[in-house]
Each structure stands twice: as C-alpha cells, then as structure tokens.
Amino acid sequence: MRLISLLFCIIFSFPAQANIGDMPVEQQLAMQYIKAYTEHDFKTLRQFYTRESIFFDKTAGVEYKGERHIIDFLTRAHEGVLEYRLNIEHMFNNGSIVVIIGSYRLRGPGDQYGKPGRIIDIAVPGVTTLKFDKNTQRLIEHMDLMDYQTMADQLESQ
C-alpha cells in the first residue's frame, strides 16, 4: 500500500502541461505569436500584423501602429539580445482576447539599460494581452503591462 501511495505521489507531483492542440484556437495563435516574438522571427511576425495592428506598452506609454512600425521598433529594441523568452505562469482567453501572465526573461547587452559593456540578465513580470481577429487570425492588438520597478531593481544590482 505504501508503494502505491508513493508511486501516486510521484506521478502527480510533476507539473502537467497542456498539449498545444488541446488549447482553444486563440491560445494556439497566442503561443505561435509569442514564439515568433521571443525568437525575433520577423518573417512570421509579419504574418500576424496588418497596417491596423497595434503594439502598446501601456506601462511605458509607448504605442506603435502598423506592421512596419512595430517591426522597426522590435528590431531596435531587441538588437544584440542573446536570449529572450516568456515564462508563462497563467494563460486564459475570453473569445478573441488572450491574457498571458508571466515573466519576460532578457539576457543581452546592457547598453540600452545604462550598463555599457556588461551583459545583463533580467526577468520582468507582467501581463500581455493579445487580441486576434477571429476571421483572419491576425493580431489586432498586443498590449503589455510590465513591472518596470522590478526590472529597475534587478538592473541596479548588476
């Protein structure tokens, strides 16, 4: 009996991960978009954006509209970045809006953050909302709400 209990505890102590095919279509689109976004796959990102797409960092008060402006911004912002990924803690959707809660991890040159000549490593917690057009499966809006105070604290210690 102890052996069965031990096996039961071991099996169910590992975190369960959803298969991407089991997710709603909107969440599948979000995962494809985030993958392209964090891997700097601009060719794939162009397939998500239109002239009307909006990229809005609400916390920083920065907004870009249209495929060309968004790609130009992302190219500048991620120049020289060695690693960029999103650790998703929670994701849910309401229709065409997908909400992602997690931390963006960035490792790269510190020049843009006042740390020239250094490699920085930060994890910025935040919430990303993505709104998709259900018919075209293209992105209408990408909005970030980021904890820049945590980022500043991390930068100060590096």
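A residue is called buried here if its relative accessible area is under 20%, exposed if over 50%, and partly exposed in between, with a 1.4 Å probe and protein chains only. The model is predicted, so local features need pLDDT of at least 70 and side-chain atom pairs count only at pLDDT 80 or more, while totals for chains, interfaces and linings use all residues. Residues are numbered from 1 along each chain as its sequence is written, and side-chain values use heavy atoms, with hydrogens and water left out.

**Exercise 1. Aromatic pairs**

Determine how the rings of Y33 and Y49 are arranged, and which parts of the chain the pair ties together.

Step 1. Rings of Phe, Tyr and Trp (its six-membered ring) pair if their centres lie within 6.5 Å, and planes under 30 degrees apart count as stacked, over 60 as edge-to-face and the rest as tilted. A search of the whole structure finds 10 aromatic pairs. Among them, Y33 and Y49 are edge-to-face, at 5.9 Å centre to centre and with 80 degrees between the planes.

Step 2. Helices (H or I, at least four residues) and strands (E, at least two) are DSSP runs, numbered from the N terminus. Because Y33 lies in helix 2 (residues 25-38) and Y49 in the loop between helix 3 (42-48) and strand 1 (54-57), the pair ties together parts that are 16 residues apart in sequence. Y33 is buried, with a relative accessible area of 0%, and Y49 is buried as well, also with 0%.

Step 3. The ring centres of F55 and F73 are 5.5 Å apart and their planes stand at 50 degrees, so this pair is tilted. It links F55 in strand 1 with F73 in helix 4 (residues 67-77), 18 residues apart; F55 and F73 are both buried. One aromatic cluster includes Y33, Y49, F55 and F73.

**Exercise 2. The lining of the largest pocket**

Identify the residues nearest the centre of the largest pocket, and the element that gives the most to its lining.

Step 1. On a 1 Å grid over the protein atoms alone, a pocket is an open set of points with protein on both sides within 12 Å along at least five of seven lines, and lining residues have an atom within 4 Å of a point. Of the 20 lining residues, D57, H78, Y84, Y113 and Y148 lie nearest the centre of the largest pocket.

Step 2. Helix 4 gives the most to this lining, with 3 residues.

Note on methods:
On a 1 Å grid over the protein atoms alone, a cavity is a set of points where a 1.4 Å probe fits but cannot get out, and a pocket is an open set with protein on both sides within 12 Å along at least five of seven lines; lining residues have an atom within 4 Å of a point.
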